[in-house]
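Hi,

Here is the structure I said I would pass on.

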Amino acid sequence: MKTLKITYTAFLCCITFFTVNAQNLTAYHDYREYFYVFDNGLTKLLEYLPVQSYQIGGNAIAYIDNSYNLKVYSKGMVTKLDIVPDIKYFATDHLVAYMAAAQLYVFDNSRIKTLSNWVDYYAVGDSLIAFFDQFNQSFQVYYKGKSIVLEDALGEPPVKEFKIGDNTLAYINHTDHFKIFYRGKTTTVMIIDEHMIYRAGKNIVAYVNESTLTFNVFYKGNLYELEAFQPNSFKMGDDMVAYLDNSNYLRVFYDNKIITVITYEPEFYKVVDSIMVYSDQGYFKVFYKGKKYVLENFIPDNYQLDYNSVAWLDQQGWLKIFHKGKTKTLTKFEQLNNYKLTRNTVWYNLDVNTNKVFNNGKIY
């Protein structure tokens, strides 16, 4: 464990099935191609005809029905949003955003809002949306029901590049200032010369100082120096960043501490939300909330991770889930056809088209 140096206090100024991210939501087509949603213990039929596509967010399911209508299932109700060919849409933990032609909209708190009538570029996070409004020549962020102008510049793009996390936005403006937007406030971190290596997660942004090559994080309003040398790689999660330091030690910044996971380069490491899985001399292991767990003595070919959970097939082909520090076997001698982990919810299809859902410790 290393002692961190706080360099600055901030706050200056993704049978037929589809399942994506959701807390207690998942969805699937049955053998008749009927479209169902599982919502916190209850299964509901939404459409008799197969939908074109859909995404599942934390509190809503967005989908394009058989007639190309964009709809949202939220709070037990279905709302029709739009009907436009080739519409682009996104469902996150808290928002549903969609693009129709060059217009950008958000469905938030059961209301449709127009963010811009002419958008050049944009990105969608769990609780915010960043976009460049061509009409006003301004770089804006939608956050907590309001659009906030972050940068504007006449005759040139106001930002050179940006990266979005769940609730963080990091960007370089036209005057080469590296800035971070977090919880309604913008922090100017530094001025860069040419290039910046940085990534954003939930409550955290990691970056390499191009002048000193030190590895740093912005975490919940504070700036920390993690390493004196640039890491060989790093990956973002919720409230953490995992990285290989210059000696290829696998380390994790979590809970304001640096934790050394293993002292050699792993075969792989992968971070999604609050979970990191990695190899350790042939063992399949997980790092979760500051602790290390052994899942298997081999590396599964088939595994999925999301939110606080890992789902995988063991050597017998049985489906297992690691959830909040505990492992549970979901199938044994049944024929497993397919499965999908969405947040902490697992949909799986058994035998002759039998659909089951694991959620909150129960099998439905």
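Lys163 is partly exposed, with a relative accessible area of 33% (buried means under 20%, exposed over 50% and partly exposed in between, using a 1.4 Å probe and protein chains only). You'll find Lys163 in strand S17, residues 159-164; strands here are DSSP runs of E with at least two residues, numbered from the N terminus. Leaving out neighbours within four places in sequence, Lys163 is in contact with Thr168, Leu169, Ala170, Tyr198, Arg199 and Ala200, where contact means heavy atoms within 4.5 Å. Lys163 and Gly125 are 38 residues apart in sequence, and their C-alpha atoms are 9.8 Å apart in space.

Before you read on, keep in mind that this is a predicted model, with local features needing pLDDT of at least 70, side-chain atom pairs counted only at pLDDT 80 or more, and totals for chains, interfaces and linings using all residues. Residues are numbered from 1 along each chain as its sequence is written, and side-chain values use heavy atoms, with hydrogens and water left out.

Now some buried spots in other strands. Thr26 sits in strand S2 and is buried, with a relative accessible area of 0%. Thr26 and Ile56 are 30 residues apart in sequence but 6.8 Å apart in space, C-alpha to C-alpha.

Ser279, in strand S30 (residues 275-280), counts as buried at 3% relative accessibility. Setting aside neighbours within four places in sequence, Ser279 is in contact with Ile262, Pro266, Glu267, Phe268 and Ile299. From Ser279 to Asp152, 127 residues apart along the chain, the C-alpha separation is 46 Å.

Tyr288 belongs to strand S31 (residues 283-288) and is buried too, with a relative accessible area of 6%. Not counting residues up to four places away in sequence, Tyr288 touches Ser274, Ile275, Tyr293, Asn308, Phe322, Lys324 and Gly325. Tyr288 and Glu156 are 132 residues apart in sequence and 44 Å apart in space, C-alpha to C-alpha.

On to the cores. In soluble globular proteins, nonpolar side chains tend to be buried together. A nonpolar core here is a set of buried Ala, Val, Leu, Ile, Met, Phe, Trp, Tyr and Cys residues joined through side-chain atoms within 4.5 Å. The largest one has 25 residues, and Tyr54, Ile61 and Val96 have the most contacts inside it. At least two residues of this core come from each of strands S2 (25-29), S3 (35-39), S5 (53-56), S6 (60-64), S7 (70-74), S9 (88-91), S10 (96-100) and S11 (103-108). S6 gives the most, with five residues. As for Val96, beyond residues up to four places away in sequence, Val96 touches Ala60, Ala62, Val72, Leu81, Phe90, Ala91, Tyr105, Val106 and Phe107. Apart from this core lies another, of 15 residues, among them Val189, Ile192, Met196 and Phe218.

Next, the aromatics. Rings of Phe, Tyr and Trp (its six-membered ring) pair if their centres lie within 6.5 Å; planes under 30 degrees apart count as stacked, over 60 as edge-to-face and the rest as tilted. A search of the whole structure finds 28 aromatic pairs. Take Tyr28 and Tyr36: their ring centres are 5.7 Å apart and their planes at 20 degrees, so the pair is stacked. Tyr28 and Tyr36 are both buried. Ring pairs also link Tyr121, Phe132, Phe139, Phe162 and Tyr171 into a cluster.

Most residues other than glycine have a negative phi. Asp255, though not a glycine, has a positive phi of about 55 degrees, and lies in the loop between strand S27 (250-254) and strand S28 (257-262). Arg343 also has a positive phi of about 55 degrees without being a glycine; its place is in the loop between strand S37 (336-342) and strand S38 (345-350). Which of these is buried and which partly exposed? Asp255 is partly exposed, with a relative accessible area of 43%, whereas Arg343 is buried at 2%.

That's what I have so far.

Cheers

Notes
Helix = DSSP H or I, 4+ residues; strand = E, 2+ residues; numbered from the N terminus.
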